[in-house]
Amino acid sequence: PDRLLASYLQADNPLQDAEAWTRTEHASLDRMSLAQFLQERGATATALQLMDVAPNCPGLQQASAVWALRDAQRRASAAGGLPLEFPTGSTAFVEAMVRALRAPPLLGHEVTSVRSTSRKLVVRCKDGSAHEADFGICTLPLPVLARTALEPRPPGDQLAAFREIAYTPITRVYFRVLRPFWEQDGLPVTMWTDSVLERVFPLRDAAGEVVALVSHADGPSAVRLDAMSEEERRRFAERELARLRPATRDAVEAVASTSWANDPYAGGAYPYYQPGQVGRLRGAMAKPLGRLHFAGEHTGVTQPGMEGAAESSDRAVAEVLARIG
């Protein structure tokens, strides 16, 4: 069941390159929900129910078909390639960039407003401090950007993009492995379930040994977990995992959890497009607003995630350099 959605999306995908999802020739796929697209491909009610468990968005009805097909095209074009891995964690990538800066980044300041005048850009923070520059690049996630005061006021379509494009709620629970329970029941470590925990993946050390587990829930399941306190979520996850797989009882311990939707500086894990939003809102997001330019994963075209953030930074920096001359 974990490969069912991909089997429908990758079969005769009409998107043939990484930018196809943005073109008007595929506008009909944008206006169509993912559920409708799958039904037209012959998906039964039972198949739709299985695919709606963990579709990497709040639900098949909520997502634009072209947005889902974009991800399928990206995955298919990368088939056989090696993922970029950091032995000490992906934070090493950010830390390396920080070391290359002439001045260290200013951390711990919550931006409340950004004002662009004819001569300068003024950024004000919650602690009362103000910072000026000739130009600025904003990478705030959209849920955060939507509550940040911007002057001049963004035009209607850009403001709508900031406010209406939603982020997928994702909640993870991390488990310490106390003993190799998979040797007891003889099943694979990885799990795909139709429970609130949804998916469970192993975390391995440098030698390939399983040292921890992580459950990954999105959409309504994540919202349900987010309603619990940190302690309640961990204890619930332990009980639920033991119910699903008795061999894990007393063999794992839930030690931490992460909720992207509950993070006030994120508002969710990543943006997804609802039917019609790609054509109506996507192009407006990254348009400069006075001296303020926009970048970040949500403005990437060919890639999502950190790759999309890097792609967007190339574009935004080029925009600023062109204005500086």
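Leaving aside neighbours within four places in sequence, which residues is Arg 234 in contact with? Select Arg 234 and look around: the answer is Ala 254, Val 255 and Ala 256. Keep in mind that this is a predicted model. Arg 234 is found in helix α11, residues 230–244. Its relative accessibility is 16%, under the 20% cut-off, so Arg 234 counts as buried.

Next, go to the largest nonpolar core, which has 46 residues. Highlight Leu 9, Phe 37, Leu 38 and Met 51, the ones that touch the most other members. Then colour helix α5 (residues 65–77), which gives the most to this core, with 6 residues. Now click on Phe 37: beyond its neighbours within four places in sequence, Phe 37 is in contact with Leu 9, Leu 29, Met 32, Ala 65 and Leu 69. Apart from this core lies another one, of 17 residues; to find it, select some of its members, including Phe 175, Val 177, Phe 181 and Ala 247.

Helix α8 (residues 156–164) is the next stop. Show Gln 158, Leu 159, Ala 160, Ala 161 and Phe 162, which are buried there. The buried residues of α8 pack against α7 (142–145), β5 (149–151), α12 (277–281) and β11 (292–294).

Finally, head out to the surface. Phe 93, Val 94, Met 97, Val 98, Leu 101 and Met 306 form a nonpolar patch with about 480 Å² of accessible area together. Helix α6 (residues 91–99) gives the most to the patch, with 4 residues. Pick Val 98, found in α6: at 34% relative accessibility, Val 98 counts as partly exposed.

Notes. Residues numbered from 1 in each chain as written. Predicted model: local features only at pLDDT ≥ 70, side-chain atom pairs only at ≥ 80, totals over all residues. Heavy atoms only, no water. Buried < 20%, exposed > 50% of the residue type's maximum accessible area, 1.4 Å probe, protein only. Helix = DSSP H or I, 4+ residues; strand = E, 2+ residues; numbered from the N terminus. Contact = heavy atoms within 4.5 Å. Patch = residues over 30% accessible without salt bridge, like charges linked within 9 Å, V, L, I, M, F, W, Y side chains within 5 Å. Areas by Shrake-Rupley, 256 points an atom, 1.4 Å probe, with all protein chains shown as cover. Salt bridge = Lys/Arg side-chain N within 4 Å of Asp/Glu carboxyl O. Core = buried A, V, L, I, M, F, W, Y, C linked by side-chain atoms within 4.5 Å.
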